[in-house]
Amino acid sequence: MNTLITCRHVDFGYENHDAVVDLSMEVDEGDYLCVVGANGSGKSTLVKGLLGLIKPLKGELTVAEELRRTGIGYLPQQTAAQRDFPATVREVVLSGTLSRRAAQSPDDAGVEKGTLNRGAAQSSDDAGMKEGTPETCFQRRKPFYKMPFYSAEDKRQAAACMEKLGISDLKNHCYRELSGGQQQRVLIARALCAASRMLILDEPITGLDPSAIQDFYRLVRRLNRDEGVTILMVTHDVAGVISQANRILHLQQRVIFFGKPEDYRRTAAGRRYLGGEDR
Amino acid sequence: MSVIAEMLSYPFLVRAFIGGILVSLCAALLGVTLVLKRYSMIGDGLSHVSFGAISVAVAAGWSPLPVSIPVVVLAAFFLLRITESGRMRSDAAIAMISASALSVGIVVTSLTTGMTTDVSSYMFGSILAMSRGDVWLSAVLSAVVLGMFVLCYHRIFAVTFDESFAKATGVNVSFYHTVTAVLTAVTIVLGMRMMGAMLISSLVIFPALTSMRMFKSFRGVVISSGILAVVCFCIGMTGSYVFSTPAGASVVLVNLAAFLLFWLAEMVLRKRIRWQPLKPGGKRTPFAGGGQAPKNARKWKTIRPEGEHAPRSAGGSKRQ
């Protein structure tokens, strides 16, 4: 099985404090990895680090070539402003295709990708991880006069993503009039437009009602099993996902646990989070 | 018609019309993103800062625009930074800054020149404020704003809708913030002298809020805001000429009227859609026993959100 992301003794953090210390883990293709931990335990920082928004302070972060080419789909936490945003579902999903365009234009993506690689560049066996040469970037870049428009390819992909998530008939509906579960589907469709290999979900079930949560889990499981999408989910709902995930990462600045859910149930931390089951 | 021809025979009114239309167009377009990102108060804060800067400039005998534009641009950066870092409640910070800037302006003015007509016209706007240079500057400004909206429309949408996602997918978010801040600052300084420091922020807020009543797509809201801003400005100016009312306040009142109109239209439309399923032939009563529906049955059903008219086939939620 392909390893998509490898972290070896990675520190992530900001100027004056480290949020994640000495993190070692890997994400394989087809994984369903759950990241759990208390508030402020560094989960969101880890997500930012994996997305390449902040660079590792120490250690190596290696991202597989294929994942670097396609990028990582991201489902951020919803903000209050978003919930009453006047936009149609189509507009939101289409905005996901921008990322491919951005990734292809050298000046926009170069900085972010560069930070992602800085850690990786230290390891010796990473010859293949260099940035795409500027020529190839330019060849694929959209011509300037076409910038205001989405291409037919973009539209086709957006339609395919909406079809996959069963929201095609909602495409002209207003985002703010959808239920919480439907909104989440729209955002997943957008993330899949950006990248179909791997999704990072940051506390996706916040604000959903119980049946929408179950719906959502079914959806994610289907994407993981049938479509082969690698999932990394940050969540507080350990009990809800432990039956689906195949890896658990428990963070408390440092890694408290990383491994299979069955083993997690036996650890002290797992028992505390799962409410004393399997005691 | 004759009124308009008469108005356009005065060169200063022609300038006011051209400059005003361009400035309100810019303000409306920028306003859509500002309102949606919950930065509505920034316009208000910046106009007060601008007032402070201009009064200092007038007191010192400098020309107002070259002083106030850089000061307001700086303030815009600062306000956006505060909002982003979240270290302080941004609404409180904006209120604090705008009140301080206003007081600086007032104290400086009263110590030097006293409340001259110049200063009071900055407060409440003056139709005479648009000089030839201002018109040119607003033409350049609106060219930049329109160009940005046409060329980067999708990115503006992405940044406005979801900053974290845009950032994660490689859009240079802080660049867009910076550009928006600079353009907003220039728009406000330019528009302020005609509309008045107290009123200019309405040009930013109103068109977006009004359009959001009726339009459900981002594109619809943007286009409608631009058109509404121009139309409201023209009506307001004409009204101010005919009834000899202050220009700025008249434009704001027309904007308010447009807002109320759209709001009413939204209410009517929504009611009609909600009541449709209750027309004869539809399922009449949700009550078991099939008897007479209680008097408030209609009301009872109207309250149900989504369920009646929103398709649920894809439903993430089975709330009802």
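**Figure 1. Helices α9(A) and α10(A) of the predicted model are roughly parallel to each other.** The coordinates shown here and in the other views come from a predicted model. Helix α9 (residues 180-194) of chain A packs against helix α10 (residues 210-226) of chain A at an angle of about 25 degrees, and angles under 35 degrees count as roughly parallel. The two axes lie 9 Å apart. The crossing of α9(A) past α10(A) is right-handed. On the α9(A) side, Gly180(A), Gly181(A), Gln184(A) and Arg185(A) make the contact, while α10(A) contributes Ala212(A), Asp215(A), Phe216(A) and Leu219(A). These contact residues comprise 3 nonpolar, 3 polar and 2 charged.

**Figure 2. Six strands of chain A form an open sheet with mixed pairing.** The strand order is β5-β6-β7-β3-β8-β9. At the edges stand β5 (73-75) and β9 of chain A; each has a single partner strand, so one side of each is left without a neighbour in the sheet. From one strand to the next, the twist averages 15 degrees. Helix α1 (residues 43-51) of chain A lies across β3, β5, β6 (198-202), β7 and β8 of chain A and runs at about 155 degrees to β6(A).

**Figure 3. Strands β3(A) and β7(A) run parallel.** Strand β3 (residues 32-36) of chain A is joined to strand β7 (residues 230-234) of chain A by 4 bridges. Leu33(A) has Leu232(A) in β7(A) as its bridge partner.

**Figure 4. Strands β8(A) and β9(A) form a hairpin.** Strand β8 (residues 247-252) of chain A pairs with strand β9 (residues 254-259) of chain A in the antiparallel sense over 5 bridges. Opposite Leu251(A) stands Val255(A) in β9(A). The hairpin has 1 residue between its strands, and Gln253(A) in the turn has a positive phi of about 65 degrees.

Terms used:
Residues are numbered from 1 along each chain as its sequence is written. Chains are lettered from A and ligands numbered from 1 in the order in which they are written. This is a predicted model: local features need pLDDT of at least 70, side-chain atom pairs count only at pLDDT 80 or more; totals for chains, interfaces and linings use all residues. Axes are lines fitted to C-alpha atoms, for helices over the stretch in contact, and angles run from 0 to 180 degrees between N-to-C directions. Helices (H or I, at least four residues) and strands (E, at least two) are DSSP runs, numbered from the N terminus. Angles under 35 degrees count as roughly parallel, over 145 as roughly antiparallel, 65 to 115 as roughly perpendicular and the rest as oblique. A crossing is left-handed if the near helix is turned anticlockwise from the far one by less than a right angle, and right-handed if clockwise. Two residues are in contact if their C-beta atoms, placed from the backbone, lie within 7 Å. Ala, Val, Leu, Ile, Met, Phe, Trp, Tyr, Cys and Pro count as nonpolar, Asp, Glu, Lys and Arg as charged, and the others, Gly among them, as polar. Two strands pair if DSSP finds at least two bridges between them.
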